Amino acid sequence: MKTYTIYLFRHGITQGNLNAQYIGHTDLPLTTDSISQLKAISEREGYPQVNAVFSSPLKRCADSAKIMFDNKNVIIIDDFIEYNFGEFEGMRFDDLKDNDDFKNWMNGDIHAKPPFGESNAEFAQRICSAFEKVINGCLKTGTDKIAIVGHAGAIMTILACYGIPEAPMAHWQMDPGYGYVLKLTPSLWMRANKIEVVDTAPTPLEKIRKK
């Protein structure tokens, strides 16, 4: 039976990441150092050859995708956009630690939300719905090797919801420019909406040469 390969990569770093800010929909660019780092990863380890590349609409993802995949046409999926932090946007933990809304949100209630933002439940539903549409579209067209360049929270949500082995979100953390390789078997996807996580990515060139 035909299998499908899905790569999930985290975008490069922005100044907001370096400042430890909650940056959601603010469209910050990659830092100059991050651009250099992504290019170095590409030259040293190499990103995979794929048939299609999907991305969040924000520059930090779309620009990362163009570096990773040598300016290949990037398909923008609006619902892969980062979490909507509402009034917490641009703030740091120390700015919010005494805020009651922030405390409720941090306590783990999936339905708690930042003022004028979205809850964890709403975020997960949006990301999962977009991911399922992409996967089902690939199955329909026979597009068997794709990459998604996204935000860390979105990727961790996808893996926590669909990945085998099953693990909580925190298990699936990744460094900027890196991610995971998934193998999709259509029968397992149709039966249980699950995908096997088989490796991290990109694969070092030394490992590729040994195969």
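Mentor: Begin with the charged pairs: five salt bridges turn up in a search of the whole structure. Keep in mind that this is a predicted model.

Trainee: Which residue forms a salt bridge with Glu166?

Mentor: The partner of Glu166 is Lys194, and their closest N and O atoms are 3.2 Å apart. Glu166 sits in the loop between strand 5 (163-164) and strand 6 (179-184), while Lys194 sits in the loop between helix 8 (186-192) and strand 7 (195-201), so the pair ties together parts that are 28 residues apart in sequence.

Trainee: Is Glu166 buried or exposed?

Mentor: Glu166 is exposed, at 61% relative accessibility. Lys194 is buried, with a relative accessible area of 14%.

Trainee: What about the salt bridge of Glu118?

Mentor: Glu118 pairs with Arg126, with 2.6 Å between the closest N and O atoms. Glu118 has a relative accessible area of 10% and is buried; Arg126 is buried as well, at 15%.

Trainee: And which residue does Glu45 pair with?

Mentor: Glu45 forms a salt bridge with Arg44, at 3.0 Å between the closest N and O atoms. Glu45 is buried, with a relative accessible area of 8%, whereas Arg44 is partly exposed, at 46%.

Trainee: Where do negative charges gather on the surface?

Mentor: Glu87, Asp98, Asp100 and Asp101 form a negative patch there. Asp100 belongs to helix 5 (residues 100-106) and is exposed, with a relative accessible area of 55%.

Trainee: Is Phe102 buried or exposed?

Mentor: Phe102, found in helix 5, is buried, at 2% relative accessibility. In sequence Phe102 is 13 residues from Pro115, and in space the two are 9.0 Å apart, C-alpha to C-alpha.

Trainee: How do I read the sides of a helix?

Mentor: An α-helix has 3.6 residues a turn, so residues three or four places apart point the same way. Helix 7 (residues 152-162) is mostly covered, with nine of its eleven residues buried. Among them are Ala152, Ile155, Leu159 and Tyr162.

Conventions: Residues are numbered from 1 along each chain as its sequence is written. This is a predicted model: local features need pLDDT of at least 70, side-chain atom pairs count only at pLDDT 80 or more; totals for chains, interfaces and linings use all residues. Side-chain values use heavy atoms; hydrogens and water are left out. Patches are made of residues with over 30% relative accessible area and no salt bridge: like charges are joined within 9 Å, nonpolar side chains (Val, Leu, Ile, Met, Phe, Trp, Tyr) within 5 Å. Accessible areas come from the Shrake-Rupley method with a 1.4 Å probe; for residues, only the protein chains shown count as cover. A salt bridge is a side-chain nitrogen of Lys or Arg within 4 Å of a carboxyl oxygen of Asp or Glu. Lys and Arg count as positive and Asp and Glu as negative; His and the chain ends are not counted. The place of a charge is taken as NZ of Lys, CZ of Arg, CG of Asp or CD of Glu. Helices (H or I, at least four residues) and strands (E, at least two) are DSSP runs, numbered from the N terminus. Buried means under 20% relative accessible area, exposed over 50%, partly exposed in between (1.4 Å probe, protein chains only).
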